[in-house]
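Colleague: I'd like to learn how to read a model like this one. Could you take me through it feature by feature?

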Amino acid sequence: MEAVLLYILGVLVVVVGLAVSIGLHELGHLWPAKAFGVRVGQWMIGFGPTLVSFRRGETEYGVKAIPLGGYISMSGMFPPLKAGGESRDASTGFFDTLVQDARATSADSIHEGEEGRAFWRLATWKRIVIMLGGPLMNLLLAIVLYGVVLSGFGIAVPSTTVSTVSECVIPASEERQECEAADPLAPAAEAGMLPGDTIVSIGGEPVAGWEDVQSAIRELAGRETAFVVERDGAERTLQVTPLATERYVFDDRGEQVEVDGEPVTETVGFVGVGPQYVVEQQPLGAVLPAVGDNVVRVGELILNLPQRLVDVAEAAFGPGERDPNGPMSVVGVGRMAGEIAALDQVPVLERMSAMLQLLASLNVALFVFNLIPLMPLDGGHILGAIIDAVRRGWAKVRGTVAQPLDTAKWVPVTLVVTGVLGVMSALLIYADIVKPISLFGG
């Protein structure tokens, strides 16, 4: 019963965290919009029917039934049709009607005597600031959360204390875990190294961390070397000869390197020890690089999103397994949060840290995804402002006056993108229900 309650608590934490992230995203749009004098009619979390709302000044603040996003409604998002342009009855196609309706709705949002408060009338840089405000708020929140996780709670890092000592050497090409009679003894076990030993120096060179241990061992294949270890408060010298063995090559992100579909291997020294992990608080200087790495990973996922979605569909509707590093919906994130919260064998602080890191990654995803230069995402509005500025600048060079960019004509793109996002969300939600990504690999 306790595990179920913890699971529910974990899901609720993510739901609330997501709502707060969306709310702050929309505040990132709201504050500069109001500062620049744009009339904002609504600030809403979610879509669909309004559950609760209140009005302060000219703006209604509220929460809607479907918590899959949010929005603010600004006055005059689209410029009016230029004089002499097509009339409402000139075009009757479906997309033409969408454009005309969007333009009419934008015009109706401008109150009499407040024409100067329309969004489209703002200088280019002000429109960009307003549209960047939302994603930047998510980035700022991610930085704060990563700061709490890395510098507050700390993260598990390998120490120079030995946790495990292998009995034998198993070739990397074999999947078995058990030793066989023909397998050579692991050098560390043969030399008498034990779990709990702390490696002090290798070959006379002191080691400060596990990376030093790994680096030294890799370069010492076939050479007998003195390992000084501390055991029960006393130092002992063990003569260890690292074995030359083939190991798979991994990149900086822990992904296996392949060439022409075949895994790459290299010959390195091996002694057969694993480190104990200890929680260490990281310096504040480690926060921005961690956020940057997360941004790059999300960017790469988005660039490969079509293929990733194909993989998700094949796994969801077939016998295959989900890629643990692939995309997931809010349902999948909620399930993962529930699993984290229910890990009663893990200390509470570590579970809290993992939950915050999950929310930090979620905000990084919101930051990167909203910068995609397609309507209705923030990046689409930013692209429109930049194109408008270029057109005006080119017209000025030519000694003419350019009409404002009619972004209402981009509304069909908005419809298509919204449809694609809806289908993608439905696929991911289905996959996260029938074949979820689990912390336990199931």
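Modeller: Gladly. Let's begin with contacts: two residues are in contact when they have heavy atoms within 4.5 Å of each other. Keep in mind that this is a predicted model. Among contacts in the protein chain between residues at least 6 apart in sequence, 66% join residues at least 24 apart.

Colleague: What are the overall make-up and spread of the protein chain?

Modeller: The protein chain holds eleven helices and twelve strands. Its radius of gyration is 29 Å, well over the 22 Å that the globule rule gives for 442 residues, so the chain is more spread out than a compact globule. Along the principal axes, its C-alpha trace spans about 90 × 55 × 45 Å. Buried residues account for 40% of the 442.

Colleague: Which domains are assigned, and how many Å separate their centres?

Modeller: The assignment gives domain 1 as 1-148 + 361-434, and domain 2 as 156-280. Taken over C-alpha atoms, the centres of domain 1 and domain 2 are 53 Å apart.

Colleague: How do I check the length of a helix? Take helix 10, for instance.

Modeller: Multiply 1.5 Å by one less than the number of residues. Helix 10 runs over residues 378-398, and its 21 residues should therefore span 30 Å; the end C-alpha atoms are 31 Å apart, which agrees. Just after helix 10 comes Gly399, with a positive phi of about 80°.

Colleague: Which residues of helix 10 are buried, and what covers them?

Modeller: As for burial, a residue counts as buried when its relative accessible area is under 20%. In helix 10, the buried residues include Asp378, His381, Ile382, Ala385, Asp388 and Ala395. Their cover includes helix 1 (2-35), helix 3 (124-153) and helix 9 (348-370).

Colleague: Where does helix 3 bend?

Modeller: At Gly133, by about 40°, and Pro135 follows within four residues. The length check works for helix 3 too: its 30 residues should span 44 Å, and the end C-alpha atoms are 42 Å apart, which agrees. After helix 3 comes Gly154, whose phi is positive, near 90°.

Colleague: Which residues does UniProt list for "transmembrane region"?

Modeller: An unreviewed UniProt entry lists residues 6-24, 136-157 and 410-431. Such annotations may be inferred rather than shown by experiment. In the model, residues 136-157 are 82% helix and 14% strand, with end C-alpha atoms 30 Å apart. Residues 410-431 are 95% helix and 0% strand, and there the end C-alpha atoms are 32 Å apart.

Colleague: What about backbone angles? Where is there a cis peptide bond?

Modeller: Look at omega: the bond joining Met375 and Pro376 is cis, with omega about 5°. Pro376 sits in the loop between helix 9 and helix 10. For phi, look at Asp232, which has a positive value near 55° although this residue is not glycine. Asp232 lies in the loop between strand 6 (225-231) and strand 7 (234-240).

Colleague: Is Asp232 buried or exposed?

Modeller: Exposed, because its relative accessible area is 78% and the cut-off for exposed is over 50%. Compare Gln214 in helix 5 (residues 210-219): at 41% relative accessibility, Gln214 counts as partly exposed. Gln214 and Gly269 are 55 residues apart in sequence, with 8.9 Å between their C-alpha atoms.

Technical notes:
Residues are numbered from 1 along each chain as its sequence is written. This is a predicted model: local features need pLDDT of at least 70, side-chain atom pairs count only at pLDDT 80 or more; totals for chains, interfaces and linings use all residues. Side-chain values use heavy atoms; hydrogens and water are left out. Helices (H or I, at least four residues) and strands (E, at least two) are DSSP runs, numbered from the N terminus. Buried means under 20% relative accessible area, exposed over 50%, partly exposed in between (1.4 Å probe, protein chains only). Domain bounds come from an automatic or database domain assignment. The bend at a residue is the angle between axes fitted to the seven residues ending there and the seven starting there. The radius of gyration is taken over C-alpha atoms; the globule rule is 2.2 Å times the number of residues to the power 0.38.
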